[in-house]
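Have the structure open beside you and try each task before you look at its solution.

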Amino acid sequence: MTVNNIEDLVTWQLARELNKDIYVNTNTPEFLKDYRFCAQIRAAVGSIMDNIAEGFEREGNKEFIQFLYIAKGSCGEVKSQLYRASDVGYITNERFSELLSKTKDVKEKITSLIRYLKQSDLKGKKYKQGT
């Protein structure tokens with residue numbers, strides 16, 4: 001299947017869903033009082049979907065892979081921040097587990113996409129013949 005728009009990419013869709021979930025869960029009095037931490041986790045989760053999108057729009061597999069690695073790193077940052085949020089009581093154990101699972105799913109999708117792109121004979125739109 002050819003993906004022509006970032007909105008069609010399942011990896012980006014899952015990152016967007018995680019982004020919405022983090023925003024909802026950080027919109028609490030405890031989190032909002034801790035402005036720096038709230039801004040940090042929101043920036044990290046936004047970085048996941050933004051780097052997937054930016055890499056996709058570069059239209060070359062090498063650049064896309066590079067941005068996917070950055071997005072994967074941001075998943076690790078969100079994971080660490082979820083532990084911090086749980087440790088200080090900003091989120092319940094149940095929400096922590098749900099958000100951690102979603103973060104893991106996004107990371108696994110990114111890893112699979114990287115693997116696929118590395119093995120693909122297509123090197124991206126900008127390398128197609130005749131365009």
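Predicted model: local features only at pLDDT ≥ 70, side-chain atom pairs only at ≥ 80, totals over all residues.

**Exercise 1.** Decide whether D21 is buried or exposed, and find which side chain makes a polar contact with the side chain of D21.

*Solution.* Start by locating D21: this residue sits in helix α1, which spans residues 10-25. Next, check its relative accessibility, which is 16%. Buried means under 20%, so D21 counts as buried. Now look for partners: not counting residues up to four places away in sequence, D21 touches R95, L99 and K102. With K102, the side chain of D21 makes a polar contact of 2.4 Å.

**Exercise 2.** Work out how α1 and α3 are oriented to each other.

*Solution.* Two packed helices are described by the angle between their axes and the distance between the axes. Here α1 packs against helix α3 (residues 35-57) at about 165°, and the axes are 9 Å apart. Angles over 145 degrees count as roughly antiparallel, so α1 and α3 are roughly antiparallel to each other. Their crossing is left-handed. By class, the contact has 11 nonpolar, 3 polar and 2 charged residues. Among the residues that meet are W12 and L18 in α1, and I41 and M49 in α3.

**Exercise 3.** Classify L32 by its relative accessibility and list its contacts beyond its neighbours within four places in sequence.

*Solution.* Finally, leaving aside neighbours within four places in sequence, L32 is in contact with T26, N27, C38 and R42.

Terms used. Residues numbered from 1 in each chain as written. Heavy atoms only, no water. Helix = DSSP H or I, 4+ residues; strand = E, 2+ residues; numbered from the N terminus. Buried < 20%, exposed > 50% of the residue type's maximum accessible area, 1.4 Å probe, protein only. Polar contact = N/O pair within 3.5 Å; in protein donor to acceptor, adjacent residues only side chain to side chain. Contact = heavy atoms within 4.5 Å. Axes fitted to C-alpha atoms, helices over the stretch in contact; angles between N-to-C directions. Parallel < 35°, antiparallel > 145°, perpendicular 65-115°, else oblique. Left-handed = near helix turned anticlockwise from the far one by under 90°. Nonpolar A, V, L, I, M, F, W, Y, C, P; charged D, E, K, R; others polar.
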